[in-house]
Amino acid sequence: MHTWPNLLSSSPTGPGHPSHRMPEGPELHLASHFVNEACRELVFGGCVEKSPVSRNPEVPFESSAYHISALARGKELRLTLSPLPGAQPPRGPLALVFRFGMTGSFQLVPSDALPPHAHLRFYTAPPGPRLALCFVDIRRFGHWDLGGKWQPGRGPCVLLEYEQFRENVLRNLADKAFDRPICEALLDQRFFNGIGNYLRAEILYRLRIPPFEKARTVLEALQQRRPGDPGPLAPKGGKSRKKKSKGAQRGSEDQVENPPSPNKAPSRTRRARRGLPEQTAAQQPEGTSLQRDPEAPCVPEKGKRRRQPATSGRRRPQKIKADTPSSEPEETSVS
């Protein structure tokens with residue numbers, strides 16, 4: 001049971017709304033759902049009316065009782081009028097294929113409150129309140145064809161025929177259409193049926209694909225895709241960046257888990273290179289790295305090496321008091 005006077009519409013924001021977008025694949029898909037849900041329990045009857053200002057063809061259909069169903073494919077919607085058993089005059093079903101143009105949509109309204117620009121109208125049969133399913137098109141760019149055939153040259157539907165859509169793209173990558181930038185190739189309805197201006201912008205933005213990258217360069221990666229790889233149009237270089245970040249993260253974890261030992265003395269090679277005598281732990285003077293933060297700067301270390309006790313009986317350097325204050329503030333700041 002429908003409540004009135006609110007209009008039921010296949011357009012999310014309603015025709016003429018400032019944020020209304022040009023209908024593309026998802027909008028046509030939602031419109032088909034709207035028609036099927038709104039008209040599921042309704043019985044239509046009589047003739048199909050066309051507004052006198054529309055340049056689209058007349059719809060020569062009349063039946064005392066029929067149902068309406070819809071199916072979307074890309075940027076097209078097929079409306080099927082199916083007479084019920086015993087309906088008069090006897091006749092077969094009729095299919096219409098709609099393209100919405102810029103402002104096309106379907107609305108279900110009371111028959112005495114038709115919206116402006118309702119260019120095609122299907123009325124319900126009595127008893128009950130008389131309703132009208134209207135194809136509303138403010139700018140009159142929309143179009144319908146009799147016969148129910150999809151427009152030739154359009155590729156498989158991105159939403160309902162994904163495997164066929166993907167195969168159609170990969171099989172034709174040698175086509176000159178893919179010599180163009182990806183932002184232009186996405187509008188080619190032979191391969192991307194249902195994609196328009198706002199969808200291509202959303203796709204490229206969310207996948208971080210430069211819009212003027214050559215289409216073939218972007219799509220060729222799909223042919224070598226393996227299970228577990230990034231999505232079909234993953235950002236260029238995204239996988240390598242992921243590996244690099246993992247390696248860097250693993251390296252930082254190793255540093256945290258295995259910090260350098262604070263009491264580890266310099267190796268023999270390093271001592272030989274610096275000309276320092278070898279020493280044991282018993283020979284280390286007080287205030288050495290055993291009592292310091294392992295991340296302390298190298299400058300205090302050099303000063304402390306100069307204060308090491310002489311092993312050959314030489315006198316201790318006289319500048320020990322001058323060196324000591326310079327190392328203390330640095331140790332304090334580090335800790």
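Predicted model: local features only at pLDDT ≥ 70, side-chain atom pairs only at ≥ 80, totals over all residues.
Most residues other than glycine have a negative phi, and most peptide bonds are trans. Against that background, the peptide bond from Gln-88 to Pro-89 is cis, with omega near -10°. Pro-89 belongs to the loop that runs between β4, residues 76-83, and β5, residues 94-99. A cis peptide bond also joins Pro-126 and Pro-127, with omega about 5°. Pro-127 is situated in the loop between β7 and β8, the latter comprising residues 131-137.

His-117 is not a glycine, yet its phi is positive, at about 65°. His-117 sits in the loop between β6, residues 104-110, and β7. With a relative accessibility of 37%, His-117 counts as partly exposed. Arg-140, also not a glycine, has a positive phi of about 60°. The loop between β8 and β9 contains Arg-140, and this residue is partly exposed, its relative accessible area being 44%.

Attention may now turn to the charged side chains. Side chains of opposite charge can pair when their charged atoms come close. Across the whole structure, 11 salt bridges are found. In one of them, Glu-76 pairs with Arg-99, and their closest N and O atoms are 3.0 Å apart. Because Glu-76 lies in strand β4 and Arg-99 in strand β5, this pair ties together parts that are 23 residues apart in sequence. Glu-76 is buried, with a relative accessibility of 0%, and Arg-99 is also buried, at 17%.

Arg-99 has a further partner, Asp-145, with which its side chain meets in a salt bridge of 2.8 Å, N to O. Asp-145 lies in strand β9 while Arg-99 lies in strand β5, so this pair ties together parts that are 46 residues apart in sequence. Asp-145 counts as partly exposed, at 28% relative accessibility. Arg-99 therefore has salt bridges to both Glu-76 of β4 and Asp-145 of β9.

Arg-171 forms a salt bridge with Glu-167, the closest N and O atoms lying 3.5 Å apart. These two residues are four residues apart in helix α2, and so about one helical turn separates them. An α-helix has 3.6 residues a turn, so residues three or four places apart point the same way. Arg-171 counts as exposed, at 54% relative accessibility. Other residues of α2 are buried, namely Phe-165, Asn-168, Val-169 and Leu-170. The buried residues of this helix pack against α5, residues 215-219.

Salt bridges also link Asp-175, Arg-180, Asp-188 and Arg-190 in a network.

Leu-71, Leu-159 and Leu-160 make a nonpolar surface patch of about 270 Å². Leu-160 is placed in the loop between β9, residues 143-146, and α2, residues 162-171. Its relative accessible area is 48%, so Leu-160 is partly exposed. By contrast, Cys-157 is buried, at a relative accessible area of 5%, as is Cys-183, at 9%. The structure holds zero disulfides.

Notes
Residues numbered from 1 in each chain as written. Heavy atoms only, no water. Disulfide = S-S within 2.5 Å. Buried < 20%, exposed > 50% of the residue type's maximum accessible area, 1.4 Å probe, protein only. Patch = residues over 30% accessible without salt bridge, like charges linked within 9 Å, V, L, I, M, F, W, Y side chains within 5 Å. Areas by Shrake-Rupley, 256 points an atom, 1.4 Å probe, with all protein chains shown as cover. Salt bridge = Lys/Arg side-chain N within 4 Å of Asp/Glu carboxyl O. Contact = heavy atoms within 4.5 Å.
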